[in-house]
Amino acid sequence: MCAGVVLASLDLFIVNVALPDIARDFGTTNLADVSWVLNAYAITYAALLVLFGRMAERRARQNGFLLGVAIFTAASAACGLADSLPALVAFRILQAVGAALLTPTSLSLILATTDAERRSDAVRAWTAVGGVAAAIGPVVGGLLVAGSWRWVFFVNLPIGIAALVVGWRRLPHVPGHPVPHPDALGAALITVGIAALTAGLVKGEDWGWGSAPTVVALAVAVTTLGLFVLRSLRHRNPLVDPALFRMRAFSGASVAMTLFSMAFGGMLLSVVLWEQGVWGWSALKTGLAIAPGPLMVPVFAFFVAGPLIVRFGAGRVAAAGTTIFAAGIAWWALAAGVEPDYVGDMLGGMLVTGVGVGLTLPTLMATAAGSLPPQSFATGSAVINMLRQVGLAVGVAVLIAVLGTASGATDQLAAFQAAWWVLAALSLAGGVAALLLLAPRRRAAVHAAQPAAAPTR
């Protein structure tokens with residue numbers, strides 16, 4: 001399961017550093033066209049998660065997971081062999097289809113086959129591996145691009161083949177539930193809505209935030225998602241049961257996850273843009289500079305978060321993690337200078353943000369997943385992952401909007417400082433949401449602490 005999520009998470013960020021090489025190889029200088037190598041994947045992945053999650057509820061989960069891995073692996077090979085930019089974009093869309101199928105089925109399999117008392121630990125491990133894969137994407141990408149940009153895609157082949165072989169032999173059978181077929185109109189509404197929202201966010205800077213394409217995309221998103229919510233509230237078999245969001249743990253973790261993902265997505269891109277664009281570092285040097293942060297994630301996710309949750313509760317641990325993450329970003333806002341000084345300016349912030357990710361991301365994912373009923377494992381997992389992907393897209397859009405078009409060294413420094421403060425504020429907002437929505441209700445706690453009343457006569 002972890003091998004599968006590595007595939008989906010790694011490709012969200014590994015391709016970024018390869019874009020200049022891809023453009024040169026295909027003889028184009030239009031970065032707007034090349035950016036669709038990233039955008040097509042992000043849009044398709046986010047749009048299909050919920051639909052595929054609901055479809056997976058009806059069928060054997062291990063088959064859905066293996067099919068998703070097979071599609072992703074085959075599409076990765078095709079991406080590496082692509083002989084034109086349109087072909088590469090088309091194969092990236094196929095990659096996203098596989099990722100959208102394997103992500104909810106992998107988490108659903110973990111939930112269905114793990115004892116209740118070990119479920120939170122298993123989900124934290126799954127999430128930590130995915131978080132590390134996403135964070136080291138620029139690191140791995142920088143190393144591979146030194147050989148050829150095609151290795152950015154070929155690296156998925158041994159991982160995917162190993163997951164298929166071991167999965168075919170070892171995955172337990174988890175049958176589907178006899179739930180009705182998903183609402184077709186609801187599926188179309190949310191798929192179109194998330195696709196339009198993600199497209200508007202990731203292309204808003206290129207198109208212009210007030211341009212017709214951006215306005216139309218965001219208007220379509222608001223309209224279709226609004227209609228989806230209304231249909232879900234009234235339909236006898238909604239694609240996403242509104243009861244999921246009446247569960248305090250799931251809704252609270254969803255809000256906090258969305259806000260934190262905005263900060264996380266913006267943070268990763270900001271470091272790449274700063275070190276390559278302002279300091280003039282190579283993709284390889286930038287990737288290696290990012291590496292210390294991701295190394296902190298598994299340490300704190302596996303060995304620190306669990307005991308802290310037992311003692312203080314998930315809400316407080318997530319709030320502490322987001323605060324630490326915000327402190328790491330604030331470090332850069334206060335320390336970074338236009339002259340390269342990695343140890344003095346960036347290293348401390350990388351380590352601190354890694355600690356924050358290790359405490360926050362697995363805790364929120366485990367809290368959301370742990371609240372799901374068995375018949376909603378795949379759908380609920382898809383919803384929380386979809387919100388996470390939308391949060392990443394929003395965070396990148398916020399970062400690009402705040403950075404603007406600053407050109408001089410002094411203006412660039414001021415723009416990055418402003419962007420880092422905004423991202424820190426988003427992380428703190430996620431912590432406030434976690435603290436308010438995931439903390440035990442005082443009334444329930446007081447009631448539980450009181451002795452039972454003596455029987456009346």
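Visitor: Are α17 and α18 roughly parallel or roughly antiparallel to each other?
Guide: The axes of α17 (residues 314–335) and α18 (residues 342–370) come within 7 Å and cross at roughly 160°. Axes are lines fitted to C-alpha atoms, for helices over the stretch in contact, and angles run from 0 to 180 degrees between N-to-C directions. Under 35 degrees counts as roughly parallel, over 145 as roughly antiparallel, 65 to 115 as roughly perpendicular and the rest as oblique. The two helices, α17 and α18, are therefore roughly antiparallel.

Visitor: What kind of model is this?
Guide: Residues are numbered from 1 along each chain as its sequence is written, and side-chain values use heavy atoms, without hydrogens and water. Local features need pLDDT of at least 70, side-chain atom pairs count only at pLDDT 80 or more, and totals for chains, interfaces and linings use all residues, since this is a predicted model.

Visitor: How many residues of α19 are buried?
Guide: Helices are DSSP runs (H or I, at least four residues), numbered from the N terminus. Helix α19 spans residues 377–403 and has 27 residues. Buried means under 20% relative accessible area, exposed over 50%, and partly exposed in between, with a 1.4 Å probe and protein chains only. By that scale α19 is mostly covered, its buried count being 22 of 27.

Visitor: How far does α19 reach from its first C-alpha to its last?
Guide: The expected span is 1.5 Å times one less than the number of residues. For α19 this gives an expected 39 Å, and the helix is close to that, reaching 39 Å.

Visitor: Which class does the pair of Trp36 and Trp207 fall into?
Guide: A search of the whole structure finds 16 aromatic pairs. Rings of Phe, Tyr and Trp (its six-membered ring) pair if their centres lie within 6.5 Å; planes under 30 degrees apart count as stacked, over 60 as edge-to-face and the rest as tilted. The ring centres of Trp36 and Trp207 are 6.5 Å apart with planes at 45°, so the pair is tilted.

Visitor: How many residues apart in sequence are the parts that this pair ties together?
Guide: Trp36 has a relative accessible area of 27% and is partly exposed; Trp207, at 32%, also counts as partly exposed. Trp36 lies in α4 (residues 36–56) and Trp207 in α11 (residues 184–207), so the parts are apart in sequence by 171 residues.

Visitor: Which class does the pair of Trp149 and Phe153 fall into?
Guide: Both Trp149 and Phe153 are buried. Their ring centres are 6.1 Å apart and their planes stand at 85°, so the pair is edge-to-face.
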